[in-house]
Amino acid sequence: MSKHLGKKVAAALVSFLVTLVIGFVIFSLMPADPVRTLTRGRPTSEEQLAQIRVQLGLDEPVWYRFLTFAGDTLRGELGFSWQFQ
């Protein structure tokens, strides 16, 4: 019985990891600049855009952003709503 349960837990972990990777890759490969999308329609200087990129962690390497994303997801920290504050 414990062997069967172990297989199910392992399969669930693999599914969760694959879902994390697919979600991260899809949003990372989107052609739009997320900072420009957040600030569209508002006058924003290049310095402000760079500051927002730092706040969002977009200046970090991709592998570090993925590890941060995975860690935050595991802790239940799903992010800040820029639209609803």
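Which backbone oxygen does the side chain of T39 reach? In this predicted model, the side chain of T39 reaches the backbone oxygen of V35, at a distance of 2.9 Å. The setting of this pair is described below, after the overall form of the chain.

The protein chain contains four helices and zero strands. Read from the N terminus, the order of its elements is α-α-α-α. Helix α1 covers residues 2–28, α2 covers 34–38 and α3 covers 46–56, and α4 covers 62–75. The radius of gyration of the protein chain is 17 Å, whereas a compact globule of 85 residues would have a value near 12 Å. The C-alpha trace spans about 60 × 25 × 20 Å along its principal axes.

Of the 85 residues, 12% count as buried. The accessible surface of the protein chain amounts to about 7,100 Å², and carbon and sulfur atoms account for 67% of this area. The protein chain carries 9 positive and 7 negative charges, and the mean positions of the two sets lie 16 Å apart. When contacts between residues at least 6 apart in sequence are considered, 53% of them join residues at least 24 apart.

T39 is placed in the loop between α2 and α3. With a relative accessible area of 10%, T39 is buried, because this value falls under the 20% cut-off. V35, whose backbone oxygen is reached by the T39 side chain, has a number that falls within the 34–38 range of α2. Beyond its neighbours within four places in sequence, T39 is in contact with T44, L49 and I52. V54 is 15 residues from T39 along the chain, and the C-alpha atoms of the two are separated by 15 Å.

L17 and A70 are 53 residues apart in sequence, and their C-alpha atoms are 8.5 Å apart in space.

A further loop position was considered. Is E60 buried, partly exposed or exposed? E60 counts as partly exposed, with a relative accessibility of 33%. The residue is placed in the loop between α3 and α4. E60 and E46 are 14 residues apart in sequence, and the C-alpha to C-alpha distance between them is 18 Å.

How values were computed. Residues numbered from 1 in each chain as written. Predicted model: local features only at pLDDT ≥ 70, side-chain atom pairs only at ≥ 80, totals over all residues. Heavy atoms only, no water. Helix = DSSP H or I, 4+ residues; strand = E, 2+ residues; numbered from the N terminus. Rg over C-alpha atoms; globule rule 2.2 N^0.38 Å. Buried < 20%, exposed > 50% of the residue type's maximum accessible area, 1.4 Å probe, protein only. Contact = heavy atoms within 4.5 Å. Areas by Shrake-Rupley, 256 points an atom, 1.4 Å probe, with all protein chains shown as cover. Lys, Arg positive; Asp, Glu negative; His and termini not counted. Charge placed at Lys NZ, Arg CZ, Asp CG, Glu CD. Polar contact = N/O pair within 3.5 Å; in protein donor to acceptor, adjacent residues only side chain to side chain.
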